[in-house]
Structures are given as structure tokens and as C-alpha cells.
Amino acid sequence: MADLFMGLTSLAWGLAGLTVAIVPALALVWARRILLDPWPRFWFGQTILLIGLLLMIGTTGLTGFWVWAVCGALAAIKACLLLGAPASWRERTLRWLGTWPPWLYRVGGMIDLVFAVCLAADLILHG
């Protein structure tokens, strides 16, 4: 059952990375919606926290366990910051993200895509 959740995590992670790599303007639209609207922020934060915990706990049998444990810890930290940050910090973060050039979003999307493919490969080969 854990392999199914990890596979779905890899699929969602890869689709999000591919989307941001192809259309970098969507990253800022998603960030604005998640940072400013409380309802999507709550659900996105809870989902990212769950995925982070699953990555830390569910990948113990994989070869690159330490990589996935670090990714899970970073996801959990990001979710906790997203859920507990004050409005002024979220607005400053959104303004800061607005100053990034589009190629930086593309690089981030490609990095997400690479991690998703590596997780899927690790699940297929060792899961």
C-alpha cells in the first residue's frame, strides 16, 4: 500500500514539475492562490505534510532512503511554515517570488521532475 502512495506522490510531483518547467508563469499563479487564500493553503499544507511524512517513513526499504528522508523533512518543514506563517510573511514571500526570472522557475520545475523520476525508478527497482 505504501508503494501505491509513493507512486502517486511521484506522479503528482512529476506533473507539477513538468507543468512549471513548461509554463513558468503558472508557478506564481499557484503561489499567489496558495499563499493568500486560506482554504487552499490549509489543504495544500496538509497534503504536503502528509507527503513529507510518507516520504520519511515509507521509503525506508529503498536504496536512496536518506535522499527521500531529507526531501520528506523539507516538505514537512515547508508545510508547517505555510500553515503557521503570519500574513505579512506570506505577502513578503509572494513579492519576493514575483522578482524571480522565468528561467529560475523552469530550473525548479526540472529539478522536481528529476526527483519524481528518481523516486519512481527507486520504487520500481527496489520497492
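A residue is called buried when its relative accessible area is under 20%, exposed when over 50%, and partly exposed in between (1.4 Å probe, protein chains only). The model is predicted: local features need pLDDT of at least 70, side-chain atom pairs count only at pLDDT 80 or more, and totals for chains, interfaces and linings use all residues. Residues are numbered from 1 along each chain as its sequence is written, and side-chain values use heavy atoms, with hydrogens and water left out.

**Exercise 1. Determine which residues of H4 are buried and which are exposed.**

Step 1. Helices are DSSP runs of H or I with at least four residues, strands are runs of E with at least two, and both are numbered from the N terminus. Helix H4 covers residues 65-84, 20 residues in total, and its first and last C-alpha atoms lie 28 Å apart. This is close to the expected 28 Å, where the expected span is 1.5 Å times one less than the number of residues.

Step 2. The buried residues of H4 are Trp68, Ala69, Cys71, Gly72, Ala75, Ala76, Ala79 and Leu82. They lie on the same side of H4 because their arc around the axis is only 160°, the arc being that of the directions from the helix axis to the C-beta atoms.

Step 3. Trp66, Leu74 and Gly84 are exposed on the other side of H4.

**Exercise 2. Describe the overall fold and dimensions of the protein.**

Step 1. The protein has six helices and zero strands; from the N terminus, the order of elements is α-α-α-α-α-α.

Step 2. The C-alpha atoms fill a box of roughly 45 × 30 × 20 Å along the principal axes.

Step 3. Of the 127 residues, 32% are buried. Contact means heavy atoms within 4.5 Å; among contacts between residues at least 6 apart in sequence, 75% join residues at least 24 apart.
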